[in-house]
Amino acid sequence: MSAPDLRSLLYVDDDADIREIVHMSLTLDGEMSVHLSDGGERALLKMRVERPDLVMLDVMMPGMDGPTLLARMRADADLKHIPVIFMTAKVNPQEVKRFTDLSAIGVIAKPFDPMALGTQVKAMWKAHHG
Amino acid sequence: MADVREERVAAAKARMLELGTKFIERSRGELATMRAGLARLRAGDAAALSEIRHFAHKMAGTGATLGFDAFGQRAARLEALIDAQPAGRVPDAEVQEKLAAHVAALESQLAADADARGAGPAPPAG
């Protein structure tokens with residue numbers, strides 16, 4: 001079965017520069033809509049409004065961190081089906097296992113290559129639907 | 001289609017350069033805040049450590065993504081040193097010296113990166 005097209009994505013990060021870079025990176029091909037949020041309840045609200053195919057979460061954010069946001073999504077009937085990718089500076093096997101145990105479909109290391117981020121995300125999306 | 005992508009890539013690279021200049025300016029201010037945090041630590045304010053860590057974490061992630069590799073790595077080392085300290089306690093004098101040395105190294109690296117990018121020296125304090 002081939003993966004459905006990845007048409008929309010929400011990226012959640014408290015760092016405005018990283019949000020802008022991720023937006024630029026993921027819109028280079030013009031294939032998907034990329035929505036942005038700085039985190040917390042605003043991110044959950046945006047998920048309900050935009051209904052993205054995929055959510056990407058920074059792990060370390062003030063207030064509500066990425067894993068807590070994911071737990072809130074999984075407890076919400078409207079959001080629990082949305083696949084999640086984590087972005088983190090701490091990519092080691094234990095952390096990756098912790099995030100995949102939380103149901104993340106992938107983990108992307110920070111810093112990332114802005115020119116290659118879209119390819120990475122699409123590969124994870126395809127593997128998830130493989 | 002390929003032309004459109006190339007145009008977008010060129011625009012993205014130009015914007016990354018602008019963000020890099022902005023990053024240098026902001027990091028100067030954040031390093032000054034970290035210096036003030038070190039002084040608060042010396043005065044016994046343990047909360048200052050998590051503030052210093054917050055800036056180090058941001059510098060590590062954003063700096064390296066914007067191409068400030070050495071600066072980002074130095075910030076990551078500072079973050080790791082803070083993570084190795086017991087939570088909620090003021091580090092001993094030896095660790096405080098190491099923290100100060102890391103901040104000084106970040107300042108030097110940022111000045112070198114600013115020179116390399118033609119971003120100019122930091123404005124005089126005061």
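Trainee: Over how many bridges do strand 1 (residues 8-12) of chain A and strand 2 of chain A pair?

Mentor: The model under discussion is a predicted one. In it, strand 1 and strand 2 of chain A run alongside each other in the parallel sense. A:Val12 stands opposite A:Ser37, which belongs to strand 2 of chain A. The number of bridges that join strand 1 and strand 2 of chain A is five.

Trainee: In what order do the five strands of the open sheet in chain A lie?

Mentor: The pairing in this open sheet is parallel. Strand 2 (33-37) and strand 5 (106-109) of chain A stand at the edges with a single partner strand each, so one side of each has no neighbour in the sheet. From one strand to the next, the twist averages 20°. The order of the strands in chain A is 2-1-3-4-5.

Trainee: Which strands of the sheet does helix 1 of chain A touch?

Mentor: Helix 1 of chain A packs on the sheet. Its direction makes about 170° with that of strand 2 of chain A. The strands touched by helix 1 are strand 1 and strand 2 of chain A.

Trainee: Is strand 4 (residues 84-88) of chain A largely enclosed or largely open?

Mentor: Strand 4 of chain A pairs with strand 3 (residues 54-58) of chain A in the parallel sense, over four bridges. Within that pairing, A:Asp58 has A:Met87 in strand 4 of chain A as its bridge partner. Four of the five residues of strand 4 are buried, so the rest of the structure leaves this strand largely enclosed.

Trainee: At roughly what angle do the axes of helix 1 (residues 16-26) and helix 5 (residues 117-129) of chain A cross?

Mentor: The two axes come within 8 Å of each other. An angle of 65 to 115 degrees counts as roughly perpendicular, and helix 1 of chain A is roughly perpendicular to helix 5 of chain A. The crossing angle is roughly 75°.

Trainee: Which residues of helix 5 of chain A meet helix 1 of chain A?

Mentor: On the side of helix 1 of chain A, the residues in this contact are A:Val22, A:Ser25 and A:Leu26. The residues of the contact divide into four nonpolar, two polar and no charged. The partners in helix 5 of chain A are A:Leu117, A:Gly118 and A:Val121.

Trainee: Which residues have the most contacts inside the largest nonpolar core?

Mentor: In soluble globular proteins, nonpolar side chains tend to be buried together. The largest nonpolar core here has 56 residues, and helix 2 (residues 47-65) of chain B gives the most to it, with eight residues. Leaving aside residues up to four places away in sequence, A:Met56 touches A:Leu9, A:Tyr11, A:Val12, A:Ile85 and A:Met87. The residues with the most contacts inside the core are A:Met56 and A:Leu57.

Trainee: How many residues does chain B bring to the contact between the two chains?

Mentor: Chain A contributes 16 residues to this contact. By class, that side of chain A has 10 nonpolar, one polar and five charged residues. The number taken from chain B is 18.

Trainee: How many helices does chain B have?

Mentor: The C-alpha atoms of chain B fill a box of roughly 60 × 30 × 20 Å along the principal axes. Of the 126 residues in chain B, 30% are buried. From the N terminus on, its elements run α-α-α-α, with zero strands, and the number of helices is four.

Trainee: Is B:Ile82 buried or exposed?

Mentor: B:Ile82 is found in helix 3 (residues 69-83) of chain B. Beyond residues up to four places away in sequence, B:Ile82 touches B:Leu49, B:Ile52, B:Arg53 and B:Ala56. A residue counts as buried if 20 or more other C-beta atoms lie within 10 Å of its own. B:Ile82 has 20 such atoms, so this residue is buried.

Trainee: Where is A:Pro111 found?

Mentor: The peptide bond from A:Lys110 to A:Pro111 is cis, with omega near 0°. A:Pro111 is found in the loop between strand 5 and helix 5 of chain A.

Trainee: What is phi of A:Arg51 near?

Mentor: A:Arg51 is found in the loop between helix 2 (40-50) and strand 3 of chain A. With 13 C-beta neighbours inside 10 Å, A:Arg51 counts as partly exposed. Its phi is positive, in a residue other than glycine, and is near 50°.

Definitions and conventions. Residues numbered from 1 in each chain as written. Chains lettered and ligands numbered in written order. Predicted model: local features only at pLDDT ≥ 70, side-chain atom pairs only at ≥ 80, totals over all residues. Axes fitted to C-alpha atoms, helices over the stretch in contact; angles between N-to-C directions. Helix = DSSP H or I, 4+ residues; strand = E, 2+ residues; numbered from the N terminus. Parallel < 35°, antiparallel > 145°, perpendicular 65-115°, else oblique. Contact = placed C-beta atoms within 7 Å. Nonpolar A, V, L, I, M, F, W, Y, C, P; charged D, E, K, R; others polar. Pairing = 2+ DSSP bridges. Core = buried A, V, L, I, M, F, W, Y, C linked by C-beta atoms within 7 Å. Buried ≥ 20, exposed ≤ 12 C-beta atoms within 10 Å, placed from the backbone.
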